[in-house]
Amino acid sequence: MFGLDNKDTRLLLVVAVLTLCAPFILNPFPTDSAMAQFNAGYPDLMQRFVIFGIFAIGFNILFGLTGYLSFGHAAFLGVGSYSAVWMFKLLSMNVVPAILLSVVISGLFALLIGFVSLRRSGIYFSILTLAFAQMSFNLAYSVLTPITNGETGLQLTLDDPRVLGVSATADGSIPVTNLFGMEMRSTFEMALGPWAFQFNAGYYLCALILLAAFYLSIRIFRSPFGMMLRAVKSNQQRMNYTGLNTKPYTLAAFVISGMYAGLAGGLMASMDPLAGAERMQWTASGEVVLMTILGGAGTLIGPVLGAGFIKYFENIFSKINDHVLHSWFSFMPDGLEDFVVFIIHPFIGKGWHLTLGILFMLVVVFLPGGLVEGGQRIAKWVKGRKNKDDSASATKTPAE
Amino acid sequence: MSKSAFSRRGVLKSGALAGTGLALPTIFTASSAAAFTNNPTGSSVTLGFNVPQTGPYADEGADELRAYQLAVEHLNGGGDGGMMNTFSSKELQGNGILGKEVKFVTGDTQTKSDAARASAKSMIEKDGAVMITGGSSSGVAIAVQGLCQEAGVIFMAGLTHSNDTTGKDKKANGFRHFFNGYMSGAALAPVLKNLYGTDRNAYHLTADYTWGWTQEESIAAATEALGWNTVEKVRTPLAATDFSSYIAPVLNSGADVLVLNHYGGNMVNSLTNAVQFGLREKVVNGKNFEIVVPLYSRLMAKGAGANVKGIHGSTNWHWSLQDEGSQAFVRSFGTKYGFPPSQAAHTVYCQTLLYADAVQRAGSFNPCAVVEALEDYEFDGLGNGKTLYRGEDHQCFKDVLVVRGKENPTSEFDLLEVVEVTPAAQVTYPADHPMFAGGALGSCNSGA
Amino acid sequence: MGILEVKNVGKRFGGLQALGDVNLSVKENTVHAIIGPNGAGKSTLLNCLVGKLIPDTGSVMFDGQSVLGRKPYEINQMGISRVFQTPEIFGDLSVLENMLIPCFAKRDGAFSLNAITSVPSEKDVLEKAEAMLEEMNMADKRHMHAASMSRGDKRRLEIGMCLSQEPRLLLLDEPTAGMARADTNNTIDLLKEIKEQRDITIAIIEHDMHVVFSLADRITVLAQGTPLVEDDPQNIRGNPKVREAYLGESA
Amino acid sequence: MDAILLQILNGLDKGSAYALIALGLTLIFGTLGVVNFAHGALFMIGAFCAVTVQRILNLSYEVVDETQKDFLGNPLKVKTSYVESWFGPEMGGAIIDWAVPIAILFAIPIMILIGFVMERGLIKHFYKREHADQILVTFGLAIVLQEVIKYFYGANPIQTASPEALSGVANVGALFGTEIFYPVWRIVYFFFSVVIIGGIFSFLQFTTFGMVVRAGMADRETVGLLGINIDRRFTIMFGIAAAVAGLAGVMYTPINSPNYHMGMDFLVLSFVVVVVGGMGSLPGAVLAGFMLGILEAFASMNEIKSILPGIDQIIIYVVAIIILLTRPRGLMGRKGVMEE
């Protein structure tokens, strides 16, 4: 289907089902239960999962296929966000032109940076991209404040000179982002017994774009172009002596992944019209590197998993506090309860970084291929057990 | 199908009650049931405490969280009641807010506007928070204030000192109790005049982002009004750790006062470096060289150690104040945690009480009712003397403290001493002051 | 006039004159071997032919066109393919993919943003690659990870990859270096087959005299960066100068 | 002129810190082939060794003083440190005053031990893994280390002063016949780093151990084939690199109050220094460290900033880009290292 082979079609369908049913899947616990803390099915976080998924998918096209490790990809995300917010300020609150502009501008920016950085390879390339991104961040935070609004981030105001649309709504507030009239923040809620599920228009737009981005990434992976990119990673020398010019291949991959980052940035701004400079900081670039490696670089689904993993910890674990812990363990005798809370305390709330750091180490030590390898091992183990059962029963039967 | 701007968990709860569990799932849609975002319909109300828990301001965030928990305890009738007893309004009964038990959720801003908004959104969308408060930097406060305006919840700013928070970026749903750069300048100027005279040459080192700029502008204007000359204004990168190359030129610039418009780690390092370079022992133009740190905080003073001795600055509040309100707060905070509260803790405690009181007086959690109750509200007993929440820009006008690094501290908390309490009238400015111009409050948004 | 004309080529590395004044003419459809002791400048010469190095002096003409100043991939597109001393293949890719890449390069040129069609849908290229694998007797290994093959198989694959580009000149850099005797003989047989079945010119740099004398139509002996002598194999065998400079040493 | 001399001094001083951190980083990279994102954390731990020594020396008992009140109005508990009560206020005070130099003795064994544990326990399993995996695991480790420090010491900077005797300013201008006052401790830091760098170089140059390590850096396989146990030596090198980073941290504390994220602040910069110097090149790292330090100092001068606003924000990166574009492998990098 869709020009994909069976395996890829299955993967795409699985991802489609997962993203479209995310409001259910991510909210497994009843709203009032103690475990509701772990629910992730609210619009903002779901949007973030999907948007960072797009970012990581794009990054993986560069890093996973060509092996070029960019440490400055957040710059494209940031540029995308700024472009989108400027579009909202100047043109229209419709997200379509904003997203288009952010993809185009970040593509051009990637072309420029890629053209220079790709003159070097290996760590020298990484440091060049890092240097460009840090320059962008430092300037955006300070000297470029008229364009970026510096520390606070670029926001909408009540006096934006919007060409198509009004500066302020009748009741004196800033108009909201929309897709041809459908407000991105509008949410449909469904209560199902003790459960509550939220269906957000913005999330579904992001989800559909993620599916398109994912589909495109599969096509790229399976195309001759994708094969050439893998060949670049494998042996550039042989590429050159096979009559292939590696530079445009890597540059194309760089620009494509920069456009993915811009798309993610534009979507972020469309969901929440603010573009902060720290989106371009090296830590943000490092984050997408970690997402990709954590999930499994070079695999199709890995980066999306990695993005979800990190964003989940950032948003869910950081919100667990001692109060919540006490409410979970209140069934225990007092002394024991305090002890358990004391033990867990360093790892939650303000300690969420610690937990994430430990998990990075565990994953990379025990699952060299990232989370995808974890999944494969589980699948193998399940299959193996089934086979063993089968063979066990097969050997048993004659014995009886 | 209906559309609503943000989650309405309160409604969902009643929806859940209406349903009869799994056997008979009820699909409930929020139609016109809610009058505003996250209307608390159950027996409790949830507040969102959004503070930096990781990153350079984590300790301030931790102190803010302590104060919030204390405030919640007091609102729910626990503890000794703290400043609720000294507060001029006696509406709060110690039975929660409007009889609803106060619950809270916490989040990590990471001192990044993106992360802060994500965290605030999760409080609004997932936890049904009806008010968001916190923050330890102006960028974050402004970003979250904007979000709360869009979402239709109240934002009670924490530690944010930029003029912009209630200046060009002010919002109808946002309120600031903390003082600002202009007030620092206005409070410091007379003291500096008395101490150092009117013939001085000031050299500014300024953190290169919006907060730094507004403070630099405020202090330069205030000191120039005294007759001081501003020799140079130098911007330093936020990421700078070693300020030696910025301090060194001061030596030969002919300046005799160094103004450090830095906060947090930047301030600790720039002050340490300035002292290292022997600036304090220097005599320029026949006068002793002086250093001024316009925005002081005890936590920062601790980081700079002995270097703060004798250095002047301004602060919103200090635990050594002897008024009834401050004493009550220090007592209940100190008894619970074993050390005195910081100014960040004080301001967020006040903000929580002020919000609760406003709801109580308005008789509703509706943000627009709360805004109305807070605008032009005058109160006393919260440690800063008589205070006005001005309706035009949602800024509190109250006394500002000028403090000095103590020469002989008796304990690790006893680092600053109050030199002067500048009365509110002296730091008050018209709402249309040029430093606060541009931008408008807009109208309150209840999310309906 | 040969298909490859090297005239007065010199190359210096700092104080070392790697190539003195090299003149060489490779006739079309012959196997031309370049031999010489270690440090004679064989590899430097080869690198000058494929664009990896640019000589200080002289000219290199391929089929009447200068190759100097062109990038390796451009020279390859002109019709020169190179086999390396240690096989250079795409180790992370499957054997079939290894074969597909030169076929795509032949069809689509140095760069093509062919990002939407899938590899299996490119029937013509696929058939060509499969045919070449068949010819190299590697069809059964098509899904193998290329890096996991034996050295001999890697060499076969590399030669196959070069041939699939239908080059006019094939450069071989010590193709049997480090191989066991059996693998060496297989490679000789393969090269003989290629020579007989295709219209192709082969230039080979080799240490192993057994290989040289089994394949070469013409031999150039290089010593200290300059050609000592160029002649037919049987004459080289008897040439005392060569014996002295080269064979004598190793014998 | 004085202003320029002063900025050169500042640059040398900044450069000392960059060079020391970069030296260890490039040493680990050159010997073990590991990209160590936890190296900044080692610098930070070194700084906290100084903080810890200061805390230990300040361990005190409390005496209730009825005449003074604490912040709650209770009688004040006056703290007296054990050191002072044992050695008398004068001697004890002097010992506490010299906490940072004392911390050097304390930090060397601790840092070497941490280095050994890190290498044996974690890093050695990653020699053969991809650089990406090394980055992920060492980054995770860096986060864990800094969070542990934050848990025990808080997020605020902690002041650790230099000894009274070394904390004033000295007139270094006397050498040039003018007056330039410069902080004594910064001069100490510069000479300290020169000694350490000189020590490392002579160690590698003149000892057999150093020769083997250098040979191993050039060609690990061959040295391994010679039957030399290169692994053990590399473990020791890791310990040494950790100690160098740690000592740089200890000595840095009086310059800037240490905090838990100072390692991350230096991490990116030190990578830039290493790469500009050329991956795996020790002299390159030192040269690049001092060069970037001096350029950074000059870029922050008003005269330059008024022409190019914001140049001090980006100077390091601009220089890095220019150097990498003109010299493909940095100032002194070897071919083929880390280019895949």
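How many helices and strands are there in chain D? In this predicted model, chain D holds 13 helices and 4 strands. The C-alpha trace of chain D spans about 75 × 50 × 35 Å along its principal axes. Among contacts in chain D between residues at least 6 apart in sequence, 73% connect residues at least 24 apart.

Chain A can be described in the same terms. Its secondary structure comes to 17 helices and 6 strands. Taken along the principal axes, the C-alpha atoms of chain A fill a box of roughly 80 × 65 × 40 Å. A compact globule of 400 residues would have a radius of gyration near 21 Å, and chain A, at 23 Å, agrees with this. Buried residues account for 60% of the 400 residues of chain A. As for contacts in chain A between residues at least 6 apart in sequence, 73% join residues at least 24 apart.

We turn next to how the chains meet. There are 4 pairs of chains that touch, and the pair with the most contacts is that of chains A and B. Here 53 residues of chain B are in contact with 47 residues of chain A. On the side of chain B that touches chain A, at least two residues each come from α1 (9-18), α2 (58-75), β2 (101-108), α3 (113-125), α4 (138-151) and α6 (210-226) of chain B. Among these, α3(B) gives the most, with 7 residues. By class, this side of chain B is made up of 20 nonpolar, 20 polar and 13 charged residues.

The contact between chains D and A involves 31 residues from chain D and 35 residues from chain A. On the chain D side, α5 (131-153), α10 (262-277) and α13 (311-326) of chain D supply at least two residues each. The largest share, 11 residues, comes from α5(D). The residues of chain D that touch chain A divide into 22 nonpolar, 3 polar and 6 charged.

Two pairs of chains stay apart. Chain B and chain C are joined by no contact, and their closest C-alpha atoms lie 34 Å apart. Chain C and chain D do not touch either, with their nearest C-alpha atoms 14 Å apart.

How confident is the predictor in chain C, and where is its confidence lowest? The mean pLDDT of chain C is 88, and 97% of its residues reach 70 or more. Within chain C, confidence is highest in helix α3 (residues 95-108), at a mean of 94, and lowest in helix α9 (residues 240-250), at 65. Helix α9 of chain C is also the place of C:E244. This residue counts as exposed because it has 12 C-beta neighbours inside 10 Å, and 12 or fewer is the cut-off for that class. The C-alpha atom of C:E244 is separated by 33 Å from that of C:F62, 182 residues apart along the chain.

Helix α11 (residues 343-362) of chain B packs with helix α12 (residues 367-374) of chain B at an angle of about 105°, and the two axes are 8 Å apart. The angle therefore makes α11(B) roughly perpendicular to α12(B). From α11(B), the contact draws on B:L354, B:A358, B:V359, B:R361 and B:A362, and from α12(B) on B:A369, B:V370, B:E372, B:A373 and B:L374. These residues comprise 8 nonpolar, no polar and 2 charged.

A:F180 has a positive phi of about 45° although it is not a glycine. It lies in the loop between β2 (178-179) and β3 (182-183) of chain A. Is A:F180 buried or exposed? With 7 C-beta neighbours inside 10 Å, A:F180 counts as exposed. B:N38, likewise not a glycine, has a positive phi of about 55°. The loop that holds B:N38 runs between α1 and β1 (44-51) of chain B. B:N38 counts as buried because it has 29 C-beta neighbours inside 10 Å.

Definitions and conventions. Residues numbered from 1 in each chain as written. Chains lettered and ligands numbered in written order. Predicted model: local features only at pLDDT ≥ 70, side-chain atom pairs only at ≥ 80, totals over all residues. Contact = placed C-beta atoms within 7 Å. Nonpolar A, V, L, I, M, F, W, Y, C, P; charged D, E, K, R; others polar. pLDDT = per-residue confidence, 0-100. Axes fitted to C-alpha atoms, helices over the stretch in contact; angles between N-to-C directions. Parallel < 35°, antiparallel > 145°, perpendicular 65-115°, else oblique. Rg over C-alpha atoms; globule rule 2.2 N^0.38 Å. Buried ≥ 20, exposed ≤ 12 C-beta atoms within 10 Å, placed from the backbone.
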